[in-house]
Amino acid sequence: MIENLTQEEIQAVKFYIGDCKGYEQHPFWGESRAYLVLNSLFFDGIRTEQARVAEGKFLNPEIVADPERLENLLRTLLSAFRKSWNTENFTTYRVERFSDYQAMKCASRTISFTSTSLNYFLKAYQDRTGIALMRFEIPAHTPCIHMQEFLQNYAKPEEAEILLPPFLNLHFEEIPVSDDEKKILDSEKNPPVCSCVVTVQELKLPDNPKNPGIKAKDLKKIYSALNCQNEISQEEIKFYTEWKKSLIYKILH
């Protein structure tokens, strides 16, 4: 079910999934893999960002260059979820980075925007070092975006994407990795570390964090250091972590 979407909400969802048609030359709106940064912002610390860079992925500093623009984008994305939910039960699939899987399991919730597929485990998401296979049981009336229904011109129909929002409570049940699943390999040709069934539950928002007032120029500096795999000081990591917590609080209130 989808209700009264604004053009800004549609554009935010398109941007998230990498549909940048008409904005190819724009330093922000033309970034087709902005989700790498957007999702990292919801994880504590800086390990998630470092894991992506270690896999050869680029974290575009332009995404964090204008914090107000970033806040508006994330707030608009969350607004789209309040207007979109499923009317029937779904079973979807995700090839997850094992370190991110561990963070989700420990928190018992979706940490960031979580892309899942109705079309089994997608090969496009096996470009990760160490993977976990996740089956999501999504009950009706869960806030989620069914891309095929949400977008009139869905750029990636083969992915059959169901996008989940952050902060959905989850129940995890690990199961044996089947023989067929052992053929699903990570970027280093290793089989999955684990397989699980995840039952999606209610939405629960976080508490109020502090705002350290970190400046945009400091954020770009941190991202430049990340992309070059240079050392980042403990003080910078602390500021960055606190800024992320503050950002998430702002977009939820």
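**View 1. Tyr101 and Phe172, a buried edge-to-face pair.** In this predicted model, Tyr101 is buried, and Phe172 is buried as well. The ring centres of Tyr101 and Phe172 lie 5.8 Å apart with their planes at 70°, so the pair is classed as edge-to-face. Because Tyr101 belongs to helix α6 (residues 98-107) and Phe172 to strand β6 (residues 168-175), the contact ties together parts that are 71 residues apart in sequence.

View 2. By the ring-centre rule, the count for the structure comes to 16 aromatic pairs, and one of them joins Phe15 to Phe28, which are stacked at 5.0 Å centre to centre with 25° between the planes. This pair links distant parts of the chain, with Phe15 in helix α1 (residues 7-17) and Phe28 in the loop between α1 and α2 (35-40), 13 residues apart. Phe15 has a relative accessible area of 0% and is therefore buried, and Phe28, at 0% relative accessibility, likewise counts as buried. The ring of Phe28 also has the charged end of Arg69 sitting over it, 4.0 Å from the ring centre.

**View 3. A cluster of six named aromatic residues.** Ring pairs link Tyr16, Tyr35, Phe42, Phe81, Phe113 and Phe167 into a cluster.

View 4. The structure holds 0 disulfides. Cys196 is in no disulfide, and the nearest cysteine sulfur, that of Cys194, is 6.0 Å away, whereas a disulfide would require the two sulfur atoms to be within 2.5 Å. Cys196 is buried, with a relative accessible area of 0%. Cys20, with a relative accessibility of 8%, counts as buried because that value falls under the 20% cut-off.

**View 5. Ser108, a loop residue with positive phi.** Ser108 lies in the loop between α6 and β2 (114-117), and its phi is near 60°, a positive value in a residue other than glycine. With a relative accessible area of 34%, Ser108 is partly exposed, because this class covers values between the 20% and 50% cut-offs.

**View 6. Tyr120, a loop residue with positive phi.** Tyr120 is found in the loop between β2 and β3 (131-138), where its backbone takes a phi near 65°, again a positive value in a residue other than glycine. The relative accessible area of Tyr120 is 37%, so this residue is partly exposed.

Technical notes
Residues numbered from 1 in each chain as written. Predicted model: local features only at pLDDT ≥ 70, side-chain atom pairs only at ≥ 80, totals over all residues. Heavy atoms only, no water. Buried < 20%, exposed > 50% of the residue type's maximum accessible area, 1.4 Å probe, protein only. Phe/Tyr/Trp six-rings, centres within 6.5 Å; stacked < 30°, edge-to-face > 60°. Helix = DSSP H or I, 4+ residues; strand = E, 2+ residues; numbered from the N terminus. Lys NZ or Arg CZ within 6 Å of the ring centre and 35° of its normal.
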